[in-house]
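Take a look at the salt bridges and a surface patch in this structure. The report below goes through them one by one.

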Amino acid sequence: MILEPLDNYIDMKSADVQDFIAPVLRLYNKDGKQLAFPHFAATQLLYYRADLFEKAGIKQPPQTWEEFRNDCDLLRKADIQCTALRGQPDTGENIWFWGQVLYGFGGKYFANEPADLTPTVNSPAAVEALKWYTDVMTNFTVPGSISATFDDVVIAMQQGRIAMTVEGAPTAGRILDPKLSKVVGKLGFALPPGGVSGRFPPFAGQAYVIPAASENKAAAAAFLQWATSKDLMKRISLDSTFVAITRTSLWDDPEIRAKHDYDYGHGSFAATYAETLRGAPEWYYPRIPEFKEIGDRLGRALQEAVVRSKSPEAALDDAQGDAVEIVKRAGYLK
């Protein structure tokens, strides 16, 4: 093992480990050993313009991906631009968004991770998820979405160009920057939509670890415990518009709420963020090193379908073949 279990140096009770949001903590636990303490937890939220929803006759934020698409149609009929979504082909861009659609439609990346890593990226459910994405990207997004990064989506929302999007929760401070934003006071916040298999909000974490080769493990453990303490995390969060809190108690802290709540009468940002994190699956990204290569390849398949150089079925069939070769090369399949 290349990481030192923290249990060997830190008393888990004194570190108040149970205060960490459960999925974020589980992400770094292996065989009952805690290998890291998380300092960053991100997910995506549904950001929506309540005023534009009312104008289009939409009474509540969409609960499913099908409702999302149908609401886009209602917005278009009201001459309102619906959305912008990540289109840049990359594991951290269009795939970080699209994974929740894949899971919601009942698809998955592998047959039975981690026991069976046979890729399943061209399953019928995956094809339906890509058809949904292609439809929305083709018919309801702003020009340029095909190559949009998260930054482009944030700016589109910030500048009032779209009625809703599903985008990173930590970016809310940028979207609502009072010096730049045209949507302060107009936004609502909700859980991302789901599908027949449920809701699967995107999840990403970052954490501090102790390398097994460290010559100063006790000192490293002391720093790690301080760096992820409730007091320091609160100080950092109060000093920034970028929030990615990993401790449950801080989401209900009055000072944190006062700075980051953004409640304009259509849903509390802080409460929605915390709820989404609690329900986010720590396995959102398969935990094998090769998934970055597979995700990037699949991201290109998504773009191929959107630009219509391939049908969704053909794009995913080709990606499936390449994914199989990647896992075979890594020794997961014979």
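D73 counts as buried because its relative accessibility is 19%, and buried means under 20%. The model is predicted. R76 has 43% relative accessibility, so R76 counts as partly exposed.

D73 and R76 form a salt bridge, with the closest N and O atoms 3.2 Å apart. Both residues lie in helix α3, which covers residues 65-77. They are three residues apart, about one turn of the helix. A network of salt bridges links D73, R76 and K77.

## A pair in helix α5

K131 and E128 also meet through their side chains, in a salt bridge of 3.7 Å from N to O. Helix α5 (residues 124-139) holds both. Three residues separate them in position, about one turn of the helix.

K131 is partly exposed, at 34% relative accessibility. E128 is partly exposed too, with a relative accessible area of 39%.

## A link across the sequence

The side chains of K234 and D253 form a salt bridge, 3.1 Å from N to O. K234 sits in helix α9 (residues 230-238) and D253 in the loop between α9 and α10 (254-260), so the pair ties together parts 19 residues apart in sequence. K234 and D253 are both buried.

The salt bridge count comes to 21.

## A nonpolar patch

Y208, F223 and W226 make a nonpolar surface patch of about 320 Å². F223 belongs to helix α8, residues 217-227. F223 counts as partly exposed because its relative accessibility is 44%.

Key:
Residues numbered from 1 in each chain as written. Predicted model: local features only at pLDDT ≥ 70, side-chain atom pairs only at ≥ 80, totals over all residues. Heavy atoms only, no water. Patch = residues over 30% accessible without salt bridge, like charges linked within 9 Å, V, L, I, M, F, W, Y side chains within 5 Å. Areas by Shrake-Rupley, 256 points an atom, 1.4 Å probe, with all protein chains shown as cover. Salt bridge = Lys/Arg side-chain N within 4 Å of Asp/Glu carboxyl O. Helix = DSSP H or I, 4+ residues; strand = E, 2+ residues; numbered from the N terminus. Buried < 20%, exposed > 50% of the residue type's maximum accessible area, 1.4 Å probe, protein only.
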